[in-house]
Amino acid sequence: MLTEIKGGNTMKLVPLSDRVVLKQLEAEETTKSGIILTSSAQEKPQEAEVIAVGPGGMVDGKEVKMQVTVGQKVIYSKYAGTEVKLDGEEYIIVRQNDILAVVE
Amino acid sequence: MLTEIKGGNTMKLVPLSDRVVLKQLEAEETTKSGIILTSSAQEKPQEAEVIAVGPGGMVDGKEVKMQVTVGQKVIYSKYAGTEVKLDGEEYIIVRQNDILAVVE
Amino acid sequence: MLTEIKGGNTMKLVPLSDRVVLKQLEAEETTKSGIILTSSAQEKPQEAEVIAVGPGGMVDGKEVKMQVTVGQKVIYSKYAGTEVKLDGEEYIIVRQNDILAVVE
Amino acid sequence: MLTEIKGGNTMKLVPLSDRVVLKQLEAEETTKSGIILTSSAQEKPQEAEVIAVGPGGMVDGKEVKMQVTVGQKVIYSKYAGTEVKLDGEEYIIVRQNDILAVVE
Amino acid sequence: MLTEIKGGNTMKLVPLSDRVVLKQLEAEETTKSGIILTSSAQEKPQEAEVIAVGPGGMVDGKEVKMQVTVGQKVIYSKYAGTEVKLDGEEYIIVRQNDILAVVE
Amino acid sequence: MLTEIKGGNTMKLVPLSDRVVLKQLEAEETTKSGIILTSSAQEKPQEAEVIAVGPGGMVDGKEVKMQVTVGQKVIYSKYAGTEVKLDGEEYIIVRQNDILAVVE
Amino acid sequence: MLTEIKGGNTMKLVPLSDRVVLKQLEAEETTKSGIILTSSAQEKPQEAEVIAVGPGGMVDGKEVKMQVTVGQKVIYSKYAGTEVKLDGEEYIIVRQNDILAVVE
């Protein structure tokens, strides 16, 4: 049985290195950006909002400069990222390299 | 059941780093460039038009200079890229390295 | 049959290079940070406390600077790390690169 | 059903980076160069003519200098390349690195 | 049938490059350090004593500085190393990179 | 049915980069060099004569200097190389790195 | 049927680059060095004598300095190397990197 316990609002995810915390856009939001909605969607939409951005810097010996900013809508690679639940909310943590494009 | 909702025309994909947004050429267009048409095509044609081009720059620690430009017809690698739907239109986002040749 | 023998408190793990010793947060602790609790949890929560941090330095020929500190709560990659038992306590040793984010 | 539509002669493939467009030598041509002909050949001959040569330059962060020229007969690696049809003609696009030898 | 023949005490293993010769701690020793003992242990404990340390230096084109010393107790990666028998004693030869932590 | 058509003697393979054209030594020749002969050999002998040597130079971004010369007998790696037929003769094209040793 | 034909004593293997020619120690020799003998050994002992040593130098773009010398007894990695027969004798050709330790 699942028991969901909400922590305070002060909990937040601070990504390391070139990682980015994403939050998948919910149905009503994805509608606005024109993503096709399916009542029996098997694949989650790959559109998400940027929630937090790591500092970049030296990653695997290579200088990485972060190119996305909090609040942007992005398309990310289907097979990338780690799902994390915090305060009953689901997030996806990806490397910036798994973000394909910004939706403007 | 699929429900397609069209967003405004202002929605657009802005690719990151060395990525390129492609749009597969439709049947009537591929005809012009001489691609063989099959009524029961199982493989999608690999010819596409360049819709948007990322800025290039440092990618995996290596300087990448973009060589394709918007509007070009290109041949891309069959197993590459991520399909994305936006405003009811399908796009493919590939790395420039997955573009094999420009069709002139 | 398991026989558990507790060593002295002086036993400690000193990680090499870019490794970090983690201790998974127990149920009562994870509650505080809002992680969903399940009575029949099959996946261990991926939230852990940093117990010890390696010195960093040259790792595989690349300079690695440690970014986490003892006492921080972190999210780490599900498939990473080696489980180790010492003094009847379970620890996980991961590379810093397998730590996705700090929970604040 | 296959419907082949020939485009104008002005259509051509311009390979990017270190890629080379090849055209397999047909039976009557391979005869001239001494390749064994089989009436039930299961493997296509790996001999081909160079049709177009990319500009070389920085490829995956390494300087590549093109060493083959249009018109040369070459042997290329069996498992390499992407087949492309243009104007009803089949081409193979390979990286220069997949060309093993020139036949003189 | 196993026939064990003991060589002289003068036989010793001198590891090359970044390799380290380890000897697994026996039950009575692992007790001291608090490792859980099981009468039907299927996994060998991953705690071992450092017997010999290679010189380090250039390994795969990267400078490696040895960080462990003879006599230290270490935790090493479960899937690493090569088992070797010499003078009826079993040793494990690992790369220093497969040593996760020192137990103090 | 195999039909073998011999080209002129002027046909030759000119290997690119760090590639080497080899010709397996036939039974009567391998006898001279002491290779074991089997009447039902399933593995081809790995001894071969160097027929042509590429220019070396920059290969995958690394300077390669050719170390074998035409006429040498060499041992090459079993799983390496591409078999090629020219003028009814079988050749193997390997990278120099797949040549293990010279037989003198 | 195996037919063994011995060549002259002048035949020898000259390894290229960072390769080393090894000869497995026979039972009576391995006894001296204390390796456990089994009457039904399924794994060959991994102890061998160094027969010939390549020149080292630039290997895959990295400077390799040879650290073993002819006549040394060494332990090598179980899954490494290529077996070669010359003059009815079996040899193993390994890269120096597959030699784990010298037995002194």
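Is D:K23 buried or exposed? Select D:K23 to start the tour: with a relative accessibility of 19%, D:K23 counts as buried (buried is under 20% relative accessible area, exposed is over 50%, and partly exposed is in between, using a 1.4 Å probe and protein chains only).

Before you click on, some ground rules. This is a predicted model, where local features need pLDDT of at least 70 and side-chain atom pairs count only at pLDDT 80 or more, while totals for chains, interfaces and linings use all residues. Residues are numbered from 1 along each chain as its sequence is written, chains are lettered from A and ligands numbered from 1 in the order in which they are written, and side-chain values use heavy atoms, with hydrogens and water left out.

**Stop one: chain D, strand to strand**

Strands (E, at least two residues) and helices (H or I, at least four) are DSSP runs, numbered from the N terminus. D:E89 is partly exposed, at 33% relative accessibility.

**Stop two: chain E**

Now pick E:D18 and E:R95. Here is another salt bridge, its closest N and O atoms 3.1 Å apart. This pair links distant parts of the chain, 77 residues apart: E:D18 is in the loop between β2 (13-15) and β3 (19-24), and E:R95 is in strand β10 (residues 89-95). E:D18 is buried, at 6% relative accessible area, whereas E:R95 counts as partly exposed at 22%.

**Stop three: chain G**

Hop over to G:E90 and G:K85, whose side chains meet in a salt bridge at 4.0 Å, N to O. G:E90 is partly exposed at 35% relative accessibility, and G:K85 is partly exposed too, at 30%.

**Last stop: back to chain D**

Finish on D:G71, in the loop between β7 (62-64) and β8 (73-76). D:G71 is partly exposed, with 35% relative accessibility. Which residues does D:G71 touch, leaving out those up to four places away in sequence? Select D:E49 and D:V50 (contact means heavy atoms within 4.5 Å). Between D:G71 and D:V50, the C-alpha atoms are 5.2 Å apart, though 21 residues separate the two along the chain.
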